[in-house]
Amino acid sequence: MLATDGQLLRAFPASGGTWRLRTGVGDVDARYLNLLLAAEDKRFRAHGGVDAGALLRAAWQYARFGRIVSGGSTLSMQVARLLEPHRRSMGGKLHDMLRAWQLEERYGKDAILSMYLTLAPFGGNVEGVRAASLTWFGHDAARLSEAEAALLVAIPQSPARRRPDRHFAAAAQAASLLVARLRA
């Protein structure tokens, strides 16, 4: 329920009990967006949905170390997976790439980013950065501290293991490591 000025008065869960609020790029703190793009997809504004350089880096690291060191998925590919969940496999990754190109063709960068901001998993039945900010911090995502922004970037990377109400130490450590890595 929204007030006439658009302010959230009361939220109700979506079907299935999921807490999700539509979130646009202008609804979140700029610190969060900057951290998100730096951590998840540095070249988001430059690629067409698939970052060939990131995929090659991830493949080379996998070949060298025998395990996944860093991912090659773009935010567009992550949105494709959020819209059409599937098992992790090479075929699934190819599907995500195709869908990412289609999303890029049909929607603009801000629309794709808004889809991510609305659908990203934050542990349990919480989806989207606005719902997560209200759930975990008690205030809207438009006014996040740097620590809160870092935590909200780190949680979707492993939402079950970084859910703040159950695994706060792991979530805080992941956020600290993220900030330290980006500063370096």
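The legends below describe close-up views of one predicted model.

**View 1. Confidence along the chain.** The mean pLDDT of the chain is 88. A score of at least 70 is reached by 96% of the residues. Helix 5 has the highest confidence in the chain, at 97. Helix 2 (residues 52–65) has the lowest, at a mean of 73. Where pLDDT is low, predicted coordinates should not be read in detail.

**View 2. Helix 1 crosses helix 8.** Helix 1 spans residues 30–40 and helix 8 spans residues 168–183. Their axes come within 11 Å. The crossing angle is roughly 75°. Angles of 65 to 115 degrees count as roughly perpendicular, so helix 1 is roughly perpendicular to helix 8. Helix 1 brings Leu35, Ala38 and Ala39 to the contact. Helix 8 brings Leu178, Arg181 and Leu182. Five of the contact residues are nonpolar, one is charged and none is polar.

**View 3. The largest nonpolar core.** This core holds 38 residues. Which of them touch the most other members? They are Tyr32, Leu36, Tyr116, Leu117, Phe122, Val129 and Leu152. At least two core residues come from each of helix 1, helix 3 (75–83), helix 5 (109–119), helix 6 (129–137), helix 7 (146–154) and helix 8. In soluble globular proteins, nonpolar side chains tend to be buried together.

**View 4. The surroundings of Tyr116.** Tyr116 is among the core residues that touch the most other members. Residues up to four places away in sequence are not counted here.

**View 5. Helix 6 and what covers it.** Buried residues of helix 6 are Val129, Arg130, Ala131, Ala132, Ser133 and Trp136. Gly138 follows helix 6. The phi of Gly138 is positive, near 80°.

**View 6. Gly92 in helix 4.** Helix 4 covers residues 90–106 and includes Gly92. Is Gly92 buried or exposed? Gly92 is buried, because its relative accessibility is 7% and the cut-off for buried is under 20%. Leaving aside neighbours within four places in sequence, Gly92 contacts His86 and Arg87. Arg81 is eleven residues from Gly92 in sequence. The C-alpha atoms of Gly92 and Arg81 are 8.5 Å apart in space.

Notes. Residues are numbered from 1 along each chain as its sequence is written. Side-chain values use heavy atoms; hydrogens and water are left out. Axes are lines fitted to C-alpha atoms, for helices over the stretch in contact, and angles run from 0 to 180 degrees between N-to-C directions. Helices (H or I, at least four residues) and strands (E, at least two) are DSSP runs, numbered from the N terminus. Angles under 35 degrees count as roughly parallel, over 145 as roughly antiparallel, 65 to 115 as roughly perpendicular and the rest as oblique. Contact means heavy atoms within 4.5 Å. Ala, Val, Leu, Ile, Met, Phe, Trp, Tyr, Cys and Pro count as nonpolar, Asp, Glu, Lys and Arg as charged, and the others, Gly among them, as polar. A nonpolar core is a set of buried Ala, Val, Leu, Ile, Met, Phe, Trp, Tyr and Cys residues joined through side-chain atoms within 4.5 Å. Buried means under 20% relative accessible area, exposed over 50%, partly exposed in between (1.4 Å probe, protein chains only). pLDDT is the predictor's confidence in each residue, from 0 to 100.
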